[in-house]
Amino acid sequence: MPSADDRQHRAPAEQRPTTLEAARSVVFDGRFAGAVPGYANGGVIAGTVARSRAVGRAAVEVKLARPVPLETPLEFAPDVDQDRLCVNGEVLATAQVWTGPLPEPDPVSLSDTVGTEEVVAAHAHPAPGCFVCGPGLVGGLDLQPGRVRGRDLVATRWIPPDDLADGDGTVPAPIVWAALDCPSWYGAAGGAPALLGTIRARQSLPLHAGTEVVVTGWSIASEGRKTFAGSAIHAANGDLIAVASSIWIHPAERG
């Protein structure tokens with residue numbers, strides 16, 4: 001069970017930035033919608049806020065405090081210990097280096113993603129407009145992993161689209177984190193309504209657009225209204241590209 005107090009895993013002083021950077025404006029395009037219409041996808045938000053902390057393949061923890069509106073100028077404010085995403089002085093999300101443990105998942109082969117069992121039916125999907133998992137959404141990632149036979153997890157093959165890549169063909173952090181987002185919900189929440197509260201992730205290898213990979217998600221534990229989950233992206237040869245652990249918050253009536 002995850003610890004109730006994660007302060008022991010904050011980065012030691014020598015790993016933290018020693019100078020302040022100027023605040024800058026961030027706007028999330030309407031394309032990057034999440035489960036709630038008008039608000040951004042949690043993984044896209046987290047990957048954006050985590051970028052300046054993920055130097056040298058460091059793991060980063062992002063906490064989402066409030067829904068983040070689309071098409072709205074926001075302030076990204078780097079600081080010595082913690083970076084913040086704000087609007088009108090209200091903190092929406094924070095990021096800091098994470099030195100605690102992350103899952104060490106075994107890869108799933110491309111062949112094992114064939115014939116998986118459906119988790120959420122397309123016609124009953126609770127967030128059809130979600131950039132990551134909205135079924136058949138034009139311009140979305142279209143990630144709907146299914147249950148793998150003989151494994152307690154979900155998986156799907158995925159080819160990152162070229163139009164979301166940087167100039168060198170690599171997929172940027174916000175899209176990598178987005179791909180780690182919803183599959184963990186599929187693997188752990190199994191279709192039950194929930195919003196991403198915290199995600200801790202590390203990217204070990206570059207993700208290239210147009211290259212087939214396997215995305216997985218699984219349950220770790222549950223506690224009241226919280227569901228703890230893991231997710232990963234593996235190359236076709238089994239190399240780990242990125243991994244995450246997430247905390248999902250269910251509506252109050254669930255508790």
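Visitor: In what order do the elements of the chain run from the N terminus on?

Guide: In this predicted model, the elements run β-α-β-β-β-β-β-β-α-β-β-β-β from the N terminus on, and the chain has 2 helices and 11 strands.

Visitor: What makes helix α1 largely enclosed by the rest of the structure?

Guide: A residue is called buried when its relative accessible area is under 20%, and 9 of the 9 residues of helix α1, which spans residues 42–50, are buried, so the helix is largely enclosed by the rest of the structure. Among them are Gly42, Val44, Ile45 and Val49. At the start of α1, a side-chain oxygen of Asn41 comes to within 2.9 Å of the backbone nitrogen of Gly43.

Visitor: Why is Cys182 called buried?

Guide: Because the limit for buried is under 20%, Cys182 counts as buried at 5% relative accessibility. Cys86, with a relative accessible area of 7%, is buried by that rule.

Visitor: Which residues touch the most other members of the largest nonpolar core?

Guide: In that core of 61 residues, they are Phe28, Leu85 and Ile233. Helix α2, residues 173–188, supplies the largest share of this core, with 10 residues. Apart from its neighbours within four places in sequence, Leu85 is in contact with residues that include Val26, Phe28, Ile45, Val49 and Leu92. A second, separate core has 12 residues, including Trp98, Leu102, Val148 and Val214.

Visitor: Why is Ser111 called exposed?

Guide: The word exposed is kept for values over 50%, and Ser111 has 53% relative accessibility, so Ser111 counts as exposed. Ser111 has its place in the loop between β5 and β6, and a polar contact of 3.0 Å joins its side chain to that of Ser109.

Visitor: What makes Arg53 and Asp83 a salt bridge?

Guide: The rule asks for a side-chain nitrogen of Lys or Arg within 4 Å of a carboxyl oxygen of Asp or Glu, and the side chains of Arg53 and Asp83 meet at 2.8 Å, N to O. The pair links distant parts of the chain, with Arg53 in the loop between α1 and β2 and Asp83 in strand β4, 30 residues apart. Arg53 counts as buried at 4% relative accessibility, and Asp83 counts as buried at 1%.

Visitor: How many salt bridges does this rule give?

Guide: The count comes to 7 salt bridges. One of them joins the side chains of Glu61 and Arg200 at 2.7 Å, N to O, and this pair links strand β2 with strand β8, 139 residues apart.

Visitor: Why is Arg66 called partly exposed?

Guide: Partly exposed covers the values between the limits for buried, under 20%, and exposed, over 50%, so Arg66 counts as partly exposed at 44% relative accessibility. Glu90, with a relative accessible area of 36%, is partly exposed too. The side chains of Arg66 and Glu90 meet in a salt bridge of 3.1 Å, N to O. Arg66 lies in the loop between β2 and β3 and Glu90 in strand β5, so the pair ties together parts that are 24 residues apart in sequence.

Terms used
Residues are numbered from 1 along each chain as its sequence is written. This is a predicted model: local features need pLDDT of at least 70, side-chain atom pairs count only at pLDDT 80 or more; totals for chains, interfaces and linings use all residues. Side-chain values use heavy atoms; hydrogens and water are left out. Helices (H or I, at least four residues) and strands (E, at least two) are DSSP runs, numbered from the N terminus. Buried means under 20% relative accessible area, exposed over 50%, partly exposed in between (1.4 Å probe, protein chains only). A polar contact is a pair of N or O atoms within 3.5 Å; within protein, one must be able to donate a hydrogen and the other to accept it, and residues adjacent in sequence count only if both atoms are side-chain atoms. A nonpolar core is a set of buried Ala, Val, Leu, Ile, Met, Phe, Trp, Tyr and Cys residues joined through side-chain atoms within 4.5 Å. Contact means heavy atoms within 4.5 Å.
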